[in-house]
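Please keep the sequence and the structure in view while reading.

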Amino acid sequence: MNEPGTNRPTVAFVGLGAMGMPMARYLVTAVFPTRGYDVRPESRATLASAGGVPTEDLIAAADGADVLLLMVVNAAQAEDVLFERGALDRLAPDGVVLLMATCPPRAVKGLAARVLELGRRFVDAPVSGGVVGATAGTLTIMAAAPPVTMEVVRPILGALGDKLFHVGTESGQGATAKAVNQLLCGVHIAVAAEAFGLAEKVGIDHSVVLDILSGSSASSWMLCDRGPRMLEDERRVTSAVDIFVKDLGIVLEAGRGVGAALPLAAMAHQLFLSTSGRGDGSADDSKVVRSYRALNGT
């Protein structure tokens with residue numbers, strides 16, 4: 001229900017992690033009544049210091065809320081929150097589940113069907129931009145929902161990102177748009193690493209290669225952002241290798257679901273997987289370049 005004295009919907013925010021916390025802060029700043037839950041007490045304390053209302057359990061966060069925003073790790077966690085732990089039953093009668101985590105399209109469709117069957121509404125709205133975008137409030141949001149439902153959450157989404165796209169009316173379409181985005185991101189990072197691998201093999205100076213590529217038609221956003229990181233031993237992690245192991249796995253699952261051949265995505269997935277398998281799963285995703293160093297003996 002709307003909080004007395006305001007027409008803004010009450011938001012129950014579940015998942016106060018590296019991305020969820022700054023997103024929740026933006027909702028508080030935009031004066032949305034925001035309750036937050038996370039299994040980590042320190043995350044709940046951080047939300048309280050930002051002006052949000054932390055709850056000790058999931059049910060207290062969801063009780064009577066107009067919108068249940070899920071920024072969880074995967075579809076299995078979303079299912080657990082909604083159905084196994086009973087959060088869906090505690091939403092307002094016409095409440096909206098706003099799923100903003102990256103999940104496989106087929107799983108999103110299944111979650112949405114169960115939510116609708118139980119009388120609530122559903123918005124499939126994954127994001128792109130990572131921790132940097134969440135912190136800056138510049139996320140790209142790919143939302144799918146019927147227009148009437150979309151209007152309920154549009155002010156919330158507008159507080160979280162500066163690029164909002166209504167990609168369709170059916171759940172799963174937002175997840176598919178995110179999969180397309182991640183396909184290109186993952187392949188671009190991997191192919192940039194391959195280019196550096198060749199240059200390194202023949203002894204061309206890294207910084208010269210980066211300058212050449214960044215200013216030529218071979219350039220891409222990922223090359224300019226990840227390229228400098230590939231040439232350094234350690235960098236602050238803004239997106240981990242294991243995120244692309246997960247996301248490219250979702251891309252391949254989405255392709256299988258519709259019979260689409262994705263050979264480049266499959267190869268990129270293997271490169272990220274091999275990097276993770278050697279112990280670099282929590283390293284910055286630019287460290288996929290280490291797979292090429294291993295392959296090339298450099």
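The charged end of which residue sits over the ring of Phe83? It is that of Arg114, 3.8 Å from the ring centre.

## Basis of the report

This is a predicted model: local features need pLDDT of at least 70 and side-chain atom pairs count only at pLDDT 80 or more, while totals for chains, interfaces and linings use all residues. Residues are numbered from 1 along each chain as its sequence is written, and side-chain values use heavy atoms, with hydrogens and water left out.

## Charges over rings and the aromatic pair

A charge sits over a ring if NZ of Lys or CZ of Arg is within 6 Å of the ring centre and within 35 degrees of the ring normal. Besides the contact of Arg114 with Phe83, the charged end of Arg8 sits over the ring of Phe32, 4.6 Å from its centre.

The structure holds one aromatic pair. Its members are Phe244 and Phe272, which are stacked, at 5.2 Å centre to centre and 20° between the planes. Rings of Phe, Tyr and Trp (its six-membered ring) pair if their centres lie within 6.5 Å; planes under 30 degrees apart count as stacked, over 60 as edge-to-face and the rest as tilted. The pair links distant parts of the chain, with Phe244 in helix α12 (residues 241-258) and Phe272 in helix α13 (residues 263-280), 28 residues apart. Helices (H or I, at least four residues) and strands (E, at least two) are DSSP runs, numbered from the N terminus. Phe244 and Phe272 are both buried; buried means under 20% relative accessible area, exposed over 50% and partly exposed in between (1.4 Å probe, protein chains only).

## Cysteines

The structure holds zero disulfides, a disulfide being a pair of cysteine sulfur atoms within 2.5 Å. For Cys103, the closest cysteine sulfur is that of Cys185, 17 Å away and therefore too far for a bond. Cys224 is likewise in no disulfide, and its nearest cysteine sulfur, in Cys185, is 14 Å away. Cys103 is buried, with a relative accessible area of 3%, whereas Cys224 is partly exposed at 40%.

Helix α1 (residues 20-29) is largely enclosed by the rest of the structure, because seven of its 10 residues are buried. These buried residues are Gly20, Met21, Pro22, Met23, Ala24, Leu27 and Val28. Just after α1, Val31 takes a positive phi of about 65°.

Leu262 lies in the loop between α12 and α13 and is partly exposed, at 23% relative accessibility. Leu262 and Leu183 are 79 residues apart in sequence, yet their C-alpha atoms are 8.9 Å apart in space.

## Pockets

On a 1 Å grid over the protein atoms alone, a cavity is a set of points where a 1.4 Å probe fits but cannot get out, and a pocket is an open set with protein on both sides within 12 Å along at least five of seven lines; lining residues have an atom within 4 Å of a point. Grid points are joined across faces, edges and corners, and a volume is the space filled by probe spheres set on the points.

The largest pocket holds about 1,300 Å³ of space. Its lining has 50 residues, of which Met19, Met71, Gly130, Val131 and Ile243 lie nearest the centre. Helix α9 gives the most to this lining, with six residues. By class, the lining has 23 nonpolar, 16 polar and 11 charged residues; Ala, Val, Leu, Ile, Met, Phe, Trp, Tyr, Cys and Pro count as nonpolar, Asp, Glu, Lys and Arg as charged, and the others, Gly among them, as polar. The second largest pocket has a volume of about 210 Å³. Residues lining it include Pro104, Lys109, Thr176 and Glu253, and α12 gives the most, with five residues.

## The cavity

Among the residues lining it are Cys103, Ala175, Lys178, Asp247 and Ile250. Helix α9 supplies the largest share of the lining, four residues. The lining divides into five nonpolar, two polar and two charged residues.
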